[in-house]
Amino acid sequence: MQIGIIGLGRMGGNIARRLMKAGHECVVYDASPKPGAALAKEGAAAVGSLEEMVKALKAPRAVWSMLPSGKITEDTVAKLGELLEAGDTIIDGGNSYYKDDIRRAKAAKEKGLDYIDCGTSGGVWGLERGYCMMVGGPDAAVERLDPIFKTLAPGVGDIPRTQGRKGPHSKAEQGYIHAGPTGAGHFVKMVHNGIEYGLMQAYAEGFDIMRNKNSDQLPEDERFELNMADISEVWRRGSVVSSWLLDLSADALAKDQTLADFSGYVDDSGEGRWTIQAAIEEAVPADVLTSALYTRFRSRQEHTFAEKMLSAMRFGFGGHIEGALEGTPTTKKADDNHG
């Protein structure tokens with residue numbers, strides 16, 4: 001299947017690579033010519049503008065935008081709306097706010113275009129592991145592009161089947177879902193990232209408590225010098241708190257138990273804030289997620305070991321560099337789809 005991909009950062013470029021490995025034809029564009037040139041050597045058709053991309057694609061066209069939420073995505077979707085023809089499809093695979101998707105979809109529909117929002121999780125590991133995707137949009141358009149989503153998804157793999165599921169493996173079991181109408185995909189991904197904040201904060205605080213068990217403020221016989229690397233490693237094996245985030249923590253601690261390379265400055269991608277906003281709108285208590293978001297704000301003023309743990313996990317799954325100005329194209333590639 002042919003598809004255009006705009007934004008060739010850490011995830012956008014690897015999305016193109018995963019698709020090409022499965023035989024799909026990718027027409028790629030980035031404001032910087034270097035990533036496009038690199039992908040051209042791997043079989044992609046690199047173009048120098050959105051106009052060239054539209055000309056290179058056959059109708060009905062599908063264009064996947066992997067850009068940061070905000071002005072750059074707004075401008076790109078608006079430009080595509082001018083260039084594409086009725087029956088074509090725009091896919092926003094970045095971390096847009098779901099209400100923006102609903103608004104853009106209405107404008108696209110007036111021109112006969114389909115608009116799909118795709119919450120994409122997988123970070124820098126997506127090329128190898130695949131991408132977990134939460135898709136929102138019109139049924140017919142999503143179904144037409146199912147070969148793309150199926151290729152990008154992790155597949156069933158070796159994960160044990162959930163009790164009660166029978167028959168052929170569903171799309172959810174393969175690692176992607178059609179969550180609902182336009183906006184539903186990014187809404188589910190938004191909450192996913194909010195939960196991510198809470199999980200990360202729980203690990204970070206737990207390790208901080210253990211690290212400080214040798215404090216001179218405690219009675220001498222209650223002080224323990226605990227091995228953080230070994231604790232994270234043993235928890236990976238059979239523990240009820242095992243997870244990919246714990247795996248990433250173990251990797252970081254195995255390199256350096258003090259996490260000296262991390263200052264503890266923790267950015268947020270914006271989706272945690274949107275999740276809390278949704279909780280307020282729905283009058284749903286979200287104590288843990290709200291607290292985790294506020295801790296990130298505090299981390300920019302003072303840094304504890306817990307915050308170094310958060311930085312280490314963010315770097316592990318998304319390659320996030322401390323102190324980057326999230327959402328600005330000069331410091332952050334548009335496809336950083338994690339909190």
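Modeller: The side chains of Ser96 and Arg104 form a polar contact of 3.4 Å, where a polar contact is a pair of N or O atoms within 3.5 Å; within protein, one must be able to donate a hydrogen and the other to accept it, and residues adjacent in sequence count only if both atoms are side-chain atoms. This is a predicted model, in which local features need pLDDT of at least 70, side-chain atom pairs count only at pLDDT 80 or more, and totals for chains, interfaces and linings use all residues. Residues are numbered from 1 along each chain as its sequence is written, and side-chain values use heavy atoms, with hydrogens and water left out.

Ser96 also has a side-chain polar contact with Asp92, at 2.4 Å. Ser96 sits in the loop between β5 (89-92) and α5 (98-110); helices (H or I, at least four residues) and strands (E, at least two) are DSSP runs, numbered from the N terminus. Ser96 counts as buried because its relative accessibility is 1%, buried being under 20% relative accessible area with a 1.4 Å probe and protein chains only. Leaving aside residues up to four places away in sequence, Ser96 touches Ser69, Thr73, Asp101, Arg104, His186 and Trp274, contact meaning heavy atoms within 4.5 Å.

The largest pocket holds about 850 Å³. A pocket is an open set of points on a 1 Å grid over the protein atoms alone, where a 1.4 Å probe fits, with protein on both sides within 12 Å along at least five of seven lines; in a cavity the probe cannot get out, and lining residues have an atom within 4 Å of a point. Of the 29 residues lining the largest pocket, Arg129, Cys132, Pro154, Ile159 and Trp244 are closest to its centre. Two or more lining residues come from each of α9 (171-174), α10 (184-211) and α12 (244-255), and α10 gives the largest share, 4 residues.

The second largest cavity has a volume of about 30 Å³, a volume being the space filled by probe spheres set on the points, which are joined across faces, edges and corners. Its lining is made up of Val135, Val142, Asp146, Phe149, Lys171, Tyr176, Ile177 and His178.

Key
Buried < 20%, exposed > 50% of the residue type's maximum accessible area, 1.4 Å probe, protein only.
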